[in-house]
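Hi,

Here's the structure I promised to send over. Have a look at it first, and then read on for what turned up.

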Amino acid sequence: GDPVEIVDFTEESNSPPPPNNVTVLRSDDGREILVSWTPLTLVEAKSLIQFYRVTFDPVSVSRKRQSGATCSQSPCDVPGAEISVMITGLDPSTSYVVQVFVVNGGGSEGPVL
């Protein structure tokens with residue numbers, strides 16, 4: 001049969017890195033933001049990705065996916081198989097900070113982007 005790659009996740013830290021190529025596009029009317037990313041590989045994520053946690057906060061306060069899921073409250077958990085989320089119900093006169101975290105099978109969150 002085909003060779004099988006064995007992946008060892010016994011590193012000290014099982015925290016995954018943030019997703020790759022995160023892009024943020026705001027709609028013309030300013031009421032929605034599309035956040036998308038390139039998924040991590042199993043090796044990069046150090047375990048199966050359970051979900052992506054997307055947060056969005058107005059800059060002054062700062063500290064459902066394109067294929068179906070939308071977010072209107074922060075944080076929003078996006079299934080691990082998804083590669084984007086549409087954030088809705090935004091105030092067009094407000095700037096937002098958007099962050100994406102990876103949560104893997106061990107429950108570890110990667111750093112924010």
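Contact here means heavy atoms within 4.5 Å. Keep in mind that this is a predicted model.

With that cut-off, and leaving out residues up to four places away in sequence, Thr-55 touches Ser-74, Pro-75, Val-97, Val-98, Gln-99 and Phe-101. You'll find Thr-55 in strand S3, which covers residues 49-58. Buried means under 20% relative accessible area, so Thr-55, at 6%, counts as buried.

Arg-53 is involved in a salt bridge: its side chain meets that of Asp-77, at 2.8 Å from N to O. As for accessibility, both partners are partly exposed, Arg-53 with a relative accessible area of 22% and Asp-77 with 41%.

Now the strand pairing. S1 (residues 20-26) and S2 (residues 33-38) run antiparallel and are joined by five bridges.

Which way do the residues of S6 (residues 84-87) point? Ser-84 and Met-86 point one way, Val-85 and Ile-87 the other, and all of them are buried. In a regular strand, side chains alternate between the two faces of the sheet.

Cheers

Key. Residues are numbered from 1 along each chain as its sequence is written. This is a predicted model: local features need pLDDT of at least 70, side-chain atom pairs count only at pLDDT 80 or more; totals for chains, interfaces and linings use all residues. Side-chain values use heavy atoms; hydrogens and water are left out. Helices (H or I, at least four residues) and strands (E, at least two) are DSSP runs, numbered from the N terminus. Buried means under 20% relative accessible area, exposed over 50%, partly exposed in between (1.4 Å probe, protein chains only). Two strands pair if DSSP finds at least two bridges between them. A salt bridge is a side-chain nitrogen of Lys or Arg within 4 Å of a carboxyl oxygen of Asp or Glu.
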